[in-house]
Amino acid sequence: MKVLLIHSDYLEFEAKQKTKIAEDTDILQGKMDECLTTFIAVEKEDEENPENVIKNTVNEIIKTAENLKVNNIVVYPYAHLSSSLSSPEVAKDVLKGIEEDLKEKDYNVLRAPFGWYKAFKISCKGHPLSELSRKITADIKEVKDEKEVKEKEKKDEKSKLYLLNGETRKLIELNEKNVKKLEDEGLKALAMHEMGIKHAKKEETEPPHVKIITEKEICDYEPSSDAGHFRWYPKGKLIRDILQDYVYNMVVENNGMPVETPVMYDLGNKAIREHADKFGERQYRFKQGSKDLMLRFAACFGQFMMKKDMYILPKHLPLKLYELSTYSFRYEQRGELVGLKRLRAFTMPDMHTVCLDIKQAMEEFENQFWMCLKTGDDFNTPYSVIFRYTQDFFDENKEWFFKIAKDYKEKYGKDVILELLPERKHYWVGKVDMAVIDSFGRPIENPTVQIDVESAKRFNIVVHEGNEKVHPIILHCSPTGSIERVLCGLLEKAYMDAEAGAPPMLPVWLSPIQVRVIPVSDAHKDYALNVAKKLRENNIRADYDDREESVGKKIRNAGKNWVPYVVVIGDEEVENNILTITVREKSTLKKPVKEKMTVEELIEKIKEESKGFPYRPLSLPLYCSLQPIFR
């Protein structure tokens with residue numbers, strides 16, 4: 001095998017034309033920044049022992065990546081390096097094997113498709129080690145240095161997953177057999193995802209929420225932008241704004257201080273570049289003039305630079321800065337983009353808390369853990385929970401962790417998953433991730449809290465303690481995860497409710513239209529219109545269906561729009577000054593439930609259901625006939 005290794009600012013490709021030997025793939029274009037690009041030609045002699053060739057190639061790539069301190073690797077088929085090529089079948093298997101082996105060793109890998117004519121752009125860094133070539137054979141080289149062997153074994157050691165019953169404190173190491181026997185479907189789905197176990201294939205090609213967001217005029221892909229960017233219609237914008245208000249209020253109630261920072265940063269700043277490289281996710285990077293710039297993937301950069309310039313004393317701690325990161329950007333591969341679950345521009349509530357020491361950080365971690373869980377309660381989207389710790393941090397603090405798990409078990413009746421990492425690979429020593437399970441049985445990652453032990457030093461954030469300057473511990477927290485994924489979870493749950501026979505709906509406080517008022521005939525129009533106006537005057541999002549359609553069709557339209565309360569006004573309602581209301585939450589898909597109440601009682605009912613949640617008025621016209629159609 002022949003390999004050309006290029007330390008690259010970026011590699012970008014697009015598959016243009018298929019050849020007879022091309023592999024079938026959905027990944028026809030891609031880009032990776034700050035990467036090691038490996039141009040590879042698989043040769044005839046490699047067919048004798050492809051397994052050893054894969055192993056030796058991966059070892060050589062990792063050795064080079066470690067020297068260059070990069071975690072992003074591009075595997076690029078390049079037949080032009082050799083005149084003695086292997087068969088296409090062997091070449092495909094070898095390239096896929098290299099990709100899989102590197103991923104297992106926690107590298108971010110982008111593999112260009114085999115057998116396609118491709119256009120590509122590359123920027124070589126130009127230092128002495130930025131261009132290397134290697135001839136790799138199947139020969140096995142023994143490592144005789146015992147210390148080197150042990151270090152290699154430790155590095156290759158994988159993390160372990162356990163199921164923990166918080167009440168009994170019993171840890172059960174998870175494997176493919178016992179995972180599939182888990183009774184908690186949420187934990188089973190999360191564990192299978194963590195272990196790379198695929199679910200049974202679904203007939204659907206995309207999650208149901210992708211269809212719902214367009215049908216309900218919530219949002220849609222923007223065709224004139226980059227893939228994975230959305231346009232938001234009035235109803236969707238309203239939902240998103242209310243969710244943003246919800247997180248804002250929660251954070252402020254917990255002593256967070258809202259700030260705002262730029263979306264673009266200069267990679268010439270050493271701390272910013274190191275933090276961006278450490279994160280490892282795909283990023284939007286570009287050159288403007290002489291500067292290398294990036295679009296942020298989280299609010300860390302601006303908040304850390306702000307904290308660096310602050311004069312922080314112990315009495316200020318824990319110090320919480322919060323920002324609604326609109327937008328954050330991640331350059332996900334096109335084939336990985338899935339509706340609101342995976343996109344390239346998203347809105348991330350992002351709070352960072354400065355803590356004096358690990359003791360204070362652990363106390364605040366626990367507080368924020370419970371704060372995050374409350375969001376699942378408020379949205380009625382139950383979370384499945386996984387804690388992740390380095391082995392040494394867990395060993396030192398297991399009693400603290402067992403107490404959290406026990407309290408969680410008592411309140412929610414659920415077990416948790418525990419991942420133990422043999423050593424620290426990231427900026428954190430401990431974190432918790434919470435996920436909603438979608439209709440395909442796959443996790444949607446939502447809230448997270450992380451204990452960051454290295455960023456304060458990198459950004460020179462200090463706490464003035466007496467005559468000393470101390471680098472603090474920093475917690476990263478997103479109380480809900482991205483706003484888009486919150487909505488994704490809500491819509492997936494609504495779809496699953498419908499599958500079980502209940503009418504799909506959003507929580508009343510979050511529904512764009514809370515009440516629709518429908519007159520039976522012209523004789524009832526004035527009364528119905530006054531009801532709709534009174535509801536609006538009392539901060540209820542109501543509209544009035546004045547369209548020239550049958551009452552039955554109007555009721556069906558209200559159902560299609562998931563309106564929680566549908567008021568139909570005829571002779572009886574006008575004469576008795578009482579409303580007949582279809583209550584969606586109490587109904588089934590086959591049997592609507594109707595209740596009688598006055599307009600004052602309806603107002604009181606909705607206000608009680610919305611108590612403690614933010615309110616924004618409906619931005620659509622009162623008259624349904626004047627509401628434009630966006631789709």
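**Helix packing, cysteines and local geometry**

H1 and H2 cross in a right-handed sense in this predicted model. Helix H1 covers residues 50-68 and helix H2 residues 88-104, and their axes come within 9 Å of each other, crossing at roughly 45°. That angle makes H1 oblique to H2. On the H1 side, the contact is built from Pro50, Ile54, Thr57, Val58, Ile61 and Ile62, while H2 brings in Asp93, Val94, Gly97, Ile98, Asp101 and Leu102. Sorted by class, the residues where H1 meets H2 come out as eight nonpolar, two polar and two charged.

The H7 contact with H13 splits into six nonpolar residues, one polar and two charged.

Next, the cysteines. The disulfide count for the model is zero. Cysteine 35 takes part in no disulfide, and the nearest cysteine sulfur, belonging to cysteine 124, sits 11 Å away. With a relative accessibility of 0%, cysteine 35 counts as buried. Cysteine 488 is likewise in no disulfide; for this residue the nearest cysteine sulfur is that of cysteine 219, at 10 Å. Cysteine 488 is buried too, its relative accessible area being 1%. Both sulfur separations can be set against the 2.5 Å cut-off for a disulfide.

Leucine 535 belongs to helix H14, which runs over residues 525-537. Its relative accessible area is 0%, so leucine 535 is buried. Setting aside neighbours within four places in sequence, leucine 535 has contacts with Val515, Val517, Ile540, Ala542, Val599, Leu602 and Ile603. Arginine 424 is another matter: it lies 111 residues from leucine 535 along the chain, and the C-alpha atoms of the two are 56 Å apart.

Lysine 188 is part of helix H5 (residues 185-195). Is this lysine buried or exposed? At 16% relative accessibility, lysine 188 falls on the buried side, because the cut-off for that label is under 20%. Residues up to four places away in sequence aside, lysine 188 touches Val179, Lys180 and Leu182.

The backbone has a few spots to check by eye. A cis peptide bond links leucine 317 to proline 318, with omega at about -5°. Proline 318 is in the loop that runs between helix H9 (300-308) and strand E15 (319-329). Another cis peptide bond joins threonine 326 and tyrosine 327, where omega is about 0°, and tyrosine 327 lies within strand E15 itself.

Positive phi values turn up in residues other than glycine as well. Arginine 169 has a phi near 65° and sits in the loop between strand E7 (160-165) and strand E8 (170-173). The relative accessibility of arginine 169 is 39%, so this residue counts as partly exposed. For asparagine 577, phi is near 50°, also a positive value in a residue that is not glycine. Asparagine 577 is found in the loop between helix H16 (571-576) and strand E27 (579-583).

Note on methods:
Residues are numbered from 1 along each chain as its sequence is written. This is a predicted model: local features need pLDDT of at least 70, side-chain atom pairs count only at pLDDT 80 or more; totals for chains, interfaces and linings use all residues. Side-chain values use heavy atoms; hydrogens and water are left out. Helices (H or I, at least four residues) and strands (E, at least two) are DSSP runs, numbered from the N terminus. Buried means under 20% relative accessible area, exposed over 50%, partly exposed in between (1.4 Å probe, protein chains only). Contact means heavy atoms within 4.5 Å. Axes are lines fitted to C-alpha atoms, for helices over the stretch in contact, and angles run from 0 to 180 degrees between N-to-C directions. Angles under 35 degrees count as roughly parallel, over 145 as roughly antiparallel, 65 to 115 as roughly perpendicular and the rest as oblique. A crossing is left-handed if the near helix is turned anticlockwise from the far one by less than a right angle, and right-handed if clockwise. Ala, Val, Leu, Ile, Met, Phe, Trp, Tyr, Cys and Pro count as nonpolar, Asp, Glu, Lys and Arg as charged, and the others, Gly among them, as polar.
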